[in-house]
Amino acid sequence: MVVVLPVCVVVFWPAGSPRWSLMWSIAFAFYFGFKWLTWRRTNAATSSAGRQVAYLAAWPGMDADAFLNAGRTVSPPRLFEVLIASTNVFGGLWLIFDPMNWFGDSQRWLYAWSGMVGYLLLLHFGVFRLLSCVWRSRGIDAAPLMDQPFFATSVASLWGRRWNTAFSDLIHRFWFRPFTRKLGLALSTWIGFGASGLIHEAVMSFPAEGGYGLPTLYFLAQASGILLERSRWGKSIGLGRGVVGWLFAMTCLVAPLPFFMNAPFFANIVMPFFQFMRGDP
């Protein structure tokens with residue numbers, strides 16, 4: 001299913017449609033394939049049909065064991081968390097649709113970046129956070145997918161516990177947990193982040209018709225950062241903790257971004273998509 005759905009999207013994608021529509025279609029195909037995989041590999045039969053439908057259709061996380069476990073005790077969300085998430089939704093919408101036209105044609109890259117930041121605020125830090133609040137208020141274990149990632153003091157915690165935990169939960173369960181003992185931490189880390197890079201190649205580089213290999217380089221840079229901070233030398237200079245660890249984690253996140261948000265992806269996917277969203281000709 002994980003492979004079949006994206007292949008079907010590519011085969012049946014209407015010729016002449018916008019390239020960004022192909023990107024979103026492949027992304028959703030991977031998402032639903034992974035979602036199905038996590039649901040199939042958990043003891044779903046012990047939970048109600050309604051909760052299973054909610055997990056598959058109304059929660060973007062990938063920790064099926066937590067969501068479907070009716071016996072877990074969950075703390076309800078705080079009002080402040082709901083307010084912050086709601087603010088992020090409105091801020092994201094403002095950046096995406098740019099009602100005051102701050103990011104016009106004269107600043108094309110700023111125009112695209114504003115849309116990308118708006119997308120992150122709207123979905124990952126806004127809508128998904130509000131969904132987490134809704135489910136936790138009902139006693140369902142749906143931890144936020146973004147857990148203050150910009151406060152991470154290590155690259156490992158950034159990608160393992162703070163940034164888009166839906167994907168990290170998936171990789172941890174289906175890759176690191178079964179294979180680390182067999183392959184060792186270093187090789188498992190390289191292969192795990194390399195696999196993440198290949199998925200992003202399919203979602204980003206293929207629809208953009210360019211930038212091949214650059215998203216993979218970005219994720220391999222993250223693997224390098226994790227292994228460096230866990231090395232004897234890295235620990236000796238304070239990587240993985242405190243201010244030094246935070247600076248290193250943020251450097252690993254931001255410095256290689258030109259590989260991830262590369263020129264072909266911006267020119268062929270991001271800018272046309274946000275032009276469409278903003279109703280520009």
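Student: Which ground rules apply here, and from which number are residues counted along each chain?

Tutor: Since this model is predicted, local features need pLDDT of at least 70 and side-chain atom pairs count only at pLDDT 80 or more, while totals for chains, interfaces and linings use all residues. Side-chain values use heavy atoms, without hydrogens or water, and along each chain, as its sequence is written, residues are numbered from 1.

Student: Happy with that! Which residues touch the most other members of the largest nonpolar core?

Tutor: A nonpolar core is a set of buried Ala, Val, Leu, Ile, Met, Phe, Trp, Tyr and Cys residues joined through side-chain atoms within 4.5 Å. Buried means under 20% relative accessible area, exposed over 50%, and partly exposed in between, using a 1.4 Å probe and protein chains only. The largest core has 65 residues, and the ones that touch the most other members are Phe-67 and Trp-159.

Student: Which helix gives the largest share of this core?

Tutor: Helices are DSSP runs (H or I, at least four residues), numbered from the N terminus. Eight core residues, the largest share, come from helix H2 (residues 19–40).

Student: How many salt bridges does the structure hold?

Tutor: The rule asks for a side-chain nitrogen of Lys or Arg within 4 Å of a carboxyl oxygen of Asp or Glu. One of the pairs is Arg-72 with Asp-141, at 2.8 Å from N to O. The structure's count is four.

Student: How many residues apart in sequence are the parts that Arg-129 and Glu-81 tie together?

Tutor: Arg-129 and Glu-81 form a salt bridge whose closest N and O atoms are 2.7 Å apart. Arg-129 lies in helix H6 and Glu-81 in helix H5, so the pair ties together parts whose separation in sequence is 48 residues.

Student: Is Glu-81 buried or exposed?

Tutor: Glu-81 belongs to a salt-bridge network with Arg-129 and Arg-136. Glu-81 has 9% relative accessibility, so Glu-81 counts as buried.

Student: Where is Ser-154, and is Ser-154 buried or exposed?

Tutor: Ser-154 sits in the loop between helix H6 (108–137) and helix H7 (155–162). With a relative accessible area of 9%, Ser-154 is buried.

Student: What is the count of disulfides?

Tutor: A disulfide needs a pair of cysteine sulfur atoms within 2.5 Å. Cys-133 is buried at 5% relative accessible area, and Cys-252 is buried at 11%. By the distance rule, the count of disulfides is zero.

Key: Helices (H or I, at least four residues) and strands (E, at least two) are DSSP runs, numbered from the N terminus.
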